[in-house]
Amino acid sequence: MCECVRECTQALSLTGGFVNVLGRLRPVTASAALHVPIFGHLLRLVDAVPATKEEVLKGLEERGDRPLLLLPGGIAEMFDAAPAAIQPKKGGAARKTSAQQTEGIAPPGSEAEGGIEVARVRGRKGFLRLAIQKGASVVPVFVFGNSRLWRLLPFGGSLLKRLSRTLRVSLVAFVGRWGLPVPLRYPVMTVVGRPLEVTKSEHPSEKEVDALSERFVEEIGRLFEEYKGFYGWGGRKLVVK
């Protein structure tokens with residue numbers, strides 16, 4: 001759960017004061033991921049929390065200065081980056097648009113790779129309900145460039161989606177640098193939004209959850225629009241599903 005206690009609205013580089021702003025985060029991950037050799041060991045080293053209702057509630061009760069970090073888009077969002085939108089186009093560098101003439105963090109020509117970013121946060125309300133139950137503030141966070149760190153392979157899409165939902169773990173065919181699971185060299189910028197304060201309620205109504213969801217979606221949209229030009233994606237649009 002993107003939850004922390006300090007009020008801030010800052011654009012941050014991952015090499016900057018990320019820990020100072022958000023604290024020592026505890027990632028929420030699929031339970032199956034904790035049993036993957038090497039990767040599961042690394043998750044346990046950072047004190048990851050299994051993505052179950054019981055464990056997340058327990059993590060919120062014990063949070064102290066260890067906020068929980070959750071990616072609400074989940075499996076579906078990982079499949080939204082179509083292979084054609086990530087793989088380099090043939091025939092040389094992409095043509096620049098007028099918006100790309102301004103300086104920014106993103107490499108020149110990156111806006112031609114599809115023109116949109118997708119965030120699957122609308123309708124993802126389970127974590128918001130848990131936040132209300134524990135009175136935990138929710139802090140929206142948007143990571144620019146995250147969708148450009150890997151190249152999805154153009155096969156097994158529908159099958160992998162079904163398997164992912166069945167096994168409750170993301171199975172995505174991707175490659176990075178040198179054809180290995182190593183992230184591509186691409187600048188990343190993390191933007192931290194305003195904390196959304198909530199009133200604690202052990203049995204929140206649908207109206208309360210819906211209201212918090214709308215605030216969350218609105219803040220994600222504001223973060224994208226406010227900082228996309230600074231990053232160099234002035235011509236891109238955010239699609240919230």
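Buried here means under 20% relative accessible area, and the views below all come from a predicted model.

**View A. A buried salt bridge between Glu117 and Arg148.** Both glutamate 117 and arginine 148 are buried, and their side chains pair up in a salt bridge at 3.6 Å, N to O. Glutamate 117 sits in strand β5 while arginine 148 is in the loop between β6 and β7 (151-152), so this pair ties together parts that are 31 residues apart in sequence. A search of the whole structure turns up 12 salt bridges.

**View B. Lys125 and Asp210 reach across the sequence.** Here the N to O separation is 2.5 Å, in a salt bridge between the side chains of lysine 125 and aspartate 210. Lysine 125 belongs to the loop between β5 and α6 and aspartate 210 to helix α8, which puts the partners 85 residues apart. Lysine 125 is partly exposed, with 28% relative accessible area, and aspartate 210 is partly exposed too, at 30%.

View C. The side chains of arginine 194 and glutamate 219 meet at 3.7 Å, N to O. Arginine 194 is in the loop between β9 and α8, and glutamate 219 is in helix α8, so the bridge ties together parts 25 residues apart in sequence. Arginine 194 is partly exposed at 42% relative accessible area, whereas glutamate 219 counts as buried at 7%. Through shared partners, salt bridges join Arg194, Glu219, Arg222 and Glu226 into one network.

**View D. The largest nonpolar core.** This core has 36 residues, and Val138, Phe144 and Phe216 have the most contacts inside it. At least two residues each come from α3 (53-61), α6 (126-134), β6 (141-144), β9 (189-192) and α8 (206-231). Helix α8 gives the most, with 9 residues. Setting aside sequence neighbours within four places, phenylalanine 144 is in contact with a list of residues including Val188, Met189, Leu223, Phe224 and Trp233.

View E. Ile38, Leu42, Leu45 and Val46 make up the patch, with about 420 Å² of accessible area together. Isoleucine 38 lies in the loop between β2 (26-29) and α2 (39-45) and is exposed at 69% relative accessible area. Aspartate 47 is in the loop between α2 and β3 (49-50), and has a positive phi, near 60°, despite being a residue other than glycine. Most residues other than glycine have a negative phi.

**View F. Contacts of Gly115.** Glycine 115 is in the loop between α5 (83-86) and β5 (116-119). Beyond its neighbours within four places in sequence, glycine 115 is in contact with Gly235, Arg236 and Lys237.

Definitions and conventions
Residues are numbered from 1 along each chain as its sequence is written. This is a predicted model: local features need pLDDT of at least 70, side-chain atom pairs count only at pLDDT 80 or more; totals for chains, interfaces and linings use all residues. Side-chain values use heavy atoms; hydrogens and water are left out. Helices (H or I, at least four residues) and strands (E, at least two) are DSSP runs, numbered from the N terminus. Contact means heavy atoms within 4.5 Å. Patches are made of residues with over 30% relative accessible area and no salt bridge: like charges are joined within 9 Å, nonpolar side chains (Val, Leu, Ile, Met, Phe, Trp, Tyr) within 5 Å. Accessible areas come from the Shrake-Rupley method with a 1.4 Å probe; for residues, only the protein chains shown count as cover. A salt bridge is a side-chain nitrogen of Lys or Arg within 4 Å of a carboxyl oxygen of Asp or Glu. Buried means under 20% relative accessible area, exposed over 50%, partly exposed in between (1.4 Å probe, protein chains only). A nonpolar core is a set of buried Ala, Val, Leu, Ile, Met, Phe, Trp, Tyr and Cys residues joined through side-chain atoms within 4.5 Å.
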